[in-house]
Structures are given as C-alpha cells and as structure tokens.
Amino acid sequence: MADIARAARHRFPWGTVNVSGGSMLPNLADGDRVLVRHGARVRPGDVVLAVRPDRPEAAMVKRVRERRHGGWWLLGDNPHRSTDSRDFGPVPDELVMARAIAVRRKTWPWLRRIGSDNPFES
C-alpha cells in the first residue's frame, strides 16, 4: 500500500483514504473517508497520512504534534487506542505522504474540514 501511495502522489495531488480503528476518535472514526493533498506543507496540529516506520507496508492517519530530530512526532487523538510515535519514534519526512483536508463521515455532519482541534491537548 505504501508503494502505491508513493507512486500516486506524483501523478495526482488529491486522494482519499479510509480511516480504520479508533486511534483518532473523536475527530475521525472508523469508516470515515478523508480527503488528502499530497505534497502539502505540514505543520504541528495537522492530520497527515504517513507510512509507519516500523511497518512500511502499513499507512496511518495521525496528528502532527511537533518537529523533532529525525522527523515528525505523530500522535493519535485517542492516546489509549493509538500506536504512534510513542511506540516507534519520529516519522521521517519521506514517510509523511499527505495532509488531510476534509472528512466525509458516516454520521452528521457528513462533510467537514479537518483543523488542528485536538481535545486531548491542553
């Protein structure tokens, strides 16, 4: 999947990904569809599509916490159900594939822009 995502970003700047699991609850739920933009600038607070450094065949949707030596520190919005940089460390730039722009949810509101609102941060 990661190789396909890498190839696709060079041909198409926009794409969609399906969220699976509960690591991004309550902001993104299992089954939500996320619109992403490949090559978009990444900043702390953004939600991104990235390749897991410890499992290159797996992609993940996580929130950017901060820039650290070696890459981006990515965390799930739900720390109790997330495998993220606390487990595998910073994610190198080349593994951050795209920035999330909007989400199409299974429940109301069906379409909304994704911002930097993370209820788990103080």
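Is R63 buried or exposed? In this predicted model, R63 has a relative accessibility of 3% and therefore counts as buried, the limit for that class being under 20%. Its salt-bridge partner is D77, with the closest N and O atoms 2.7 Å apart. R63 belongs to strand 4, whereas D77 sits in the loop between strand 5 (71-75) and helix 2 (85-88), so the pair ties together parts that are 14 residues apart in sequence. D77 is likewise buried, at a relative accessible area of 0%.

Side chains of opposite charge can pair when their charged atoms come close. Seven salt bridges are counted in the model, including the one between D77 and R63. Another joins E66 to R68, where the closest N and O atoms lie 2.5 Å apart. E66 is partly exposed, with a relative accessible area of 28%, and R68 is also partly exposed, at 36%. A further salt bridge links R86 and D84, with a closest N and O separation of 2.7 Å. Here R86 is partly exposed, at 44% relative accessible area, while D84 is buried, at 0%.

The largest pocket holds about 350 Å³ of space. It is lined by 17 residues, of which N18, S20, A59, M60 and V61 are the closest to its centre. Strand 1 (14-18), strand 3 (47-52) and strand 4 (55-68) are the elements that each give two or more residues to this lining. Strand 4 gives the most, with six residues. By class, the lining consists of nine nonpolar, five polar and three charged residues.

Notes. Residues are numbered from 1 along each chain as its sequence is written. This is a predicted model: local features need pLDDT of at least 70, side-chain atom pairs count only at pLDDT 80 or more; totals for chains, interfaces and linings use all residues. Side-chain values use heavy atoms; hydrogens and water are left out. On a 1 Å grid over the protein atoms alone, a cavity is a set of points where a 1.4 Å probe fits but cannot get out, and a pocket is an open set with protein on both sides within 12 Å along at least five of seven lines; lining residues have an atom within 4 Å of a point. Grid points are joined across faces, edges and corners, and a volume is the space filled by probe spheres set on the points. Helices (H or I, at least four residues) and strands (E, at least two) are DSSP runs, numbered from the N terminus. Ala, Val, Leu, Ile, Met, Phe, Trp, Tyr, Cys and Pro count as nonpolar, Asp, Glu, Lys and Arg as charged, and the others, Gly among them, as polar. A salt bridge is a side-chain nitrogen of Lys or Arg within 4 Å of a carboxyl oxygen of Asp or Glu. Buried means under 20% relative accessible area, exposed over 50%, partly exposed in between (1.4 Å probe, protein chains only).
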